[in-house]
Amino acid sequence: MTGAGLNLATAFEALAAADPDQVCLEFRHRSLTRGTVRDRAARIAGLLTAAGLGCFAPRERLEGWQRGQSTVGLFLHNGNEYLEAMLGSYAARCAPVNLNWRSTPEELAYLLVDSGAQALVYHRSLAAVLADALGQDRPAVLLEVDDDGDDAGGAPEPLLPGAVRYEDALAGATPAWLEGSPDDLYVLYTGGTTGRPKGTLWRQRDFVAGALGIRHRSVDEVLAGAGNGARLRALPAPPLIHGAAQWNAWSAWLGGGTVVIQSVVHHFDPFDVLDTVARHRVTSLQIVGDAFGRPLLDAVTARRPDLSSLRFVTSGGTALSPDVREGLRAALPGVTILDIMGSSESGRLAVATHASGRTGGFVPSGAATVVDDERVALLDLHDEAIGWLATTGPIPLGYLGDPDKTRATFPSIDGVRYTVPGDRARWRPDGTVEVLGREASVINTGGEKVFAEEVEAALKAHPAVLDALVVGRPHPVLGSEVCAVVAVRPGPPPTLDELRAVAGEHLSRYKLPRQLVVRDRVQRSPAGKPDYGWARSQLE
């Protein structure tokens, strides 16, 4: 292995060799040891290498937006197959890519072309969408995973042309495991909430340090620290198409722990998650904001399961609103509740403090900072101007196939390369950062900027509101007016005036919504990210 830093496949292989009998993955009736996972991943690697896939250009010859490795599309719900396919791809020196299982055929076709996927692993229940997206094209490897009866039911559909059943393919494969490099790619597609998804390219050495927060530079250091994590049992509840869930799982593996996956994977079922925590003695549960946190809080209150093993609940991708966070703290005494701020382009940026107030105060991680509007200078701690949240150090190389967006998102400031993912922020006098939200969700009303996430958090302080999205709508005088789409608890819905009164305790008057739409639910991605396009459509 060349260079300093970690390669994911090499690190896992060393862990498996050191203790092949330790259970590292639990899902439904399956309890898989490191040795078993290593063997199954090696068979996937054998299938990929036999098809001629792998590394075809060394990293040092490529620009930051170029890839020198074959890509493997994962069109899967959560399960052991997802993590096996990731590991097997790395062992073949290929790069797995996350494909959103809620994609339409048109959206999926774009992802397949943009990523250049030459192999695909997919769940049988998703075969029809995949068939429409592929058309007459067929990748070199096409593996179909059984849904274990979780799909629509009935007799299995015929395999897609050229496809092989996942378990049959593994049984007949010749295992392989190539020597990887710390420069091999980790690829993560953004959610596409502000445009078409983009493939973020990380060197694995940078990914391990910047996204996982693991500073080990050698396999020996991983092995030395693994014994301390043997009791770690992590349950990433979001879909593994979501970066935060992948990072949670890989952090557990490289830390010597076990990844636990809940039984219901086609949607978020809080009761199933709690049952899984209790049954498998989970120590760390990961969720995504209020979309997961609020139903989880209701389920804890309703069922009161045995959660004595639980030590941490972390929210990644979207911050918890203060009332949900405090509710979880009260319902789960002794459990630490953390909001972790990060993105596909930055890794971990900051961790929320519990006394941060409703607008969200975060303690910066590592080299996280705030840069000015033009992305040419750092803002001083005592400067109250709004800028961009940014960081440097181990960060991605760029966006796959897009040199212009790579240069814009990863600018050089005073000779240092930064990543500026798109979150607006400003320093607080106490050294924390107030994260205001994505620029794409800013509403310009009457010349004032309103950050949608700030208003959403204030609206969710009303006890009847389950979830909320805030968007702008054209206005003849103001330019745009602030509008809210909310989902409420059973019972009479709150009026616009009632919501404005509650939100007005935390916000200036110009930030309060002028229009209200009430729906049974607020539409979000499987990972809990807001669907602002849907919210705007409800106002029409």
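Arg303 and Asp275 join their side chains in a salt bridge, with N and O 3.0 Å apart. The model showing this contact is predicted. Arg303 lies in helix H11 (residues 289–303), while Asp275 lies in helix H10 (residues 270–280), so the pair ties together parts that are 28 residues apart in sequence. How open are these two side chains to the surroundings? Arg303 has 40% relative accessibility and counts as partly exposed. Asp275 is partly exposed too, with a relative accessible area of 31%.

Next, follow the chain to Arg325. Arg325 forms a salt bridge with Asp339, and their closest N and O atoms are 3.4 Å apart. This pair also links distant parts of the chain. Arg325 sits in helix H12 (residues 322–331). Asp339 sits in strand S14 (residues 336–343). Are they buried or exposed? Arg325 and Asp339 are both buried.

Now turn to Asp206 and Arg203. Their side chains meet in a salt bridge, at 2.8 Å from N to O. Asp206 has a relative accessible area of 10%, so Asp206 counts as buried, the limit being under 20%. Arg203, at 24% relative accessibility, is partly exposed.

The structure holds 30 salt bridges. Among them are the Arg303–Asp275 pair, the Arg325–Asp339 pair and the Asp206–Arg203 pair.

Terms used:
Residues numbered from 1 in each chain as written. Predicted model: local features only at pLDDT ≥ 70, side-chain atom pairs only at ≥ 80, totals over all residues. Heavy atoms only, no water. Salt bridge = Lys/Arg side-chain N within 4 Å of Asp/Glu carboxyl O. Buried < 20%, exposed > 50% of the residue type's maximum accessible area, 1.4 Å probe, protein only. Helix = DSSP H or I, 4+ residues; strand = E, 2+ residues; numbered from the N terminus.
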